[in-house]
Amino acid sequence: MSLELVVIGTSLGGFHALKTVLGALGRDFPLPIVVVQHRSFEESELLVPLLSDFVQLPVCEADDKQEIKPGQIFVCPPNYHILIDGSLLALSTEAPVLYARPSIDILFESAAECFGAGVLGVLLTGMSRDGTAGLKRIRECGGFTVVQDPLTAQGYIMPEAAIENAVVDKVLALEKIAPFLLDLPVVQRMKA
């Protein structure tokens, strides 16, 4: 598996899930990570500073046309979709998808189109079906998909929908996702 990018989507219960996964990666995790967290506009200024208190990697709210850099976490701002456009991030105000903007599906699908087999998609807790179509596209393009075990999720619908639609390569308990990412051969090679 030759990975270049990790994309993560989450909703209800997402802050706890993100801090658990991202907080366990360490400062030398070599891949860029792009995150969509469903949240209200009022919460916009809170997520990045709060998350920064729990993770060792640099975390920023993504800007339009921002370069994707290794070893950084890019969080989608609220009320925008985030897309992967080659080596850049792109923000869009297109209509919500499944009542959500940002849409996990849009991030995952654009990542699959740009990075193909180099994408690892991670779908965490949430109470909608957003992310299932995106995981399907990642798999179709040769990427790898991981879903949080619904039994460990505050919101079981999102991971359960992906599992029911057979778009998942691996189902892991929340606390097992970071060790899985750290044990990937590509991460081990890049850290060596």
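Tutor: A polar contact is a pair of N or O atoms within 3.5 Å; within protein, one atom must be able to donate a hydrogen and the other to accept it, and residues adjacent in sequence count only if both atoms are side-chain atoms. The model is predicted, so local features are given only at pLDDT of at least 70 and side-chain atom pairs only at pLDDT 80 or more, while totals for chains, interfaces and linings use all residues. Residues are numbered from 1 along each chain as its sequence is written, and side-chain values use heavy atoms, with hydrogens and water left out.

The side chain to examine is that of Q37. A polar atom of this side chain lies 3.1 Å from the backbone oxygen of S11. A polar atom of the Q37 side chain also lies 3.5 Å from the backbone nitrogen of F15. Q37 belongs to strand β2, which covers residues 33–37.

Is Q37 buried or exposed? Its relative accessibility is 6%, so Q37 counts as buried. Buried means under 20% relative accessible area, exposed means over 50%, and partly exposed lies in between, with a 1.4 Å probe and protein chains only.

Which residues surround Q37, apart from its neighbours within four places in sequence? It is in contact (heavy atoms within 4.5 Å) with T10, S11, G14, F15, L18, L47 and P102. S11 and F15, whose backbone atoms were named above, are therefore part of this list under the contact definition. By contrast, D183 is 146 residues from Q37 in sequence and 25 Å away in space, C-alpha to C-alpha.

V36 is also found in strand β2. V36 counts as buried because its relative accessibility is 0%. Beyond four places in sequence, V36 is in contact with I8, G9, T10, C76, I82, P102, S103, I104 and L107. The C-alpha atoms of V36 and I8 are 6.3 Å apart, although 28 residues separate the two in sequence.

Most residues other than glycine have a negative phi, and most peptide bonds are trans. The peptide bond from R101 to P102, however, is cis, with omega near 20°. Two residues elsewhere have a positive phi without being glycine: K65, at about 70°, and A166, near 55°. K65 lies in the loop between β3 (59–61) and β4 (73–75), and with a relative accessible area of 48% it is partly exposed. A166 is found in the loop between α5 and β9 (170–172), and with a relative accessible area of 56% it is exposed.

The backbone nitrogen of L174 lies 3.2 Å from a polar atom of the T152 side chain. T152 is in the loop between β8 (144–148) and α5 (157–164), and at 29% relative accessibility it counts as partly exposed. Not counting residues up to four places away in sequence, T152 touches A173 and L174. T152 and A17 are 135 residues apart along the chain, and their C-alpha atoms are separated by 9.6 Å.

The C-alpha atoms fill a box of roughly 40 × 35 × 30 Å along the principal axes. Buried residues make up 55% of the 192 residues. Among contacts with a separation of 6 or more, 68% join residues 24 or more positions apart.

Note on methods
Helix = DSSP H or I, 4+ residues; strand = E, 2+ residues; numbered from the N terminus.
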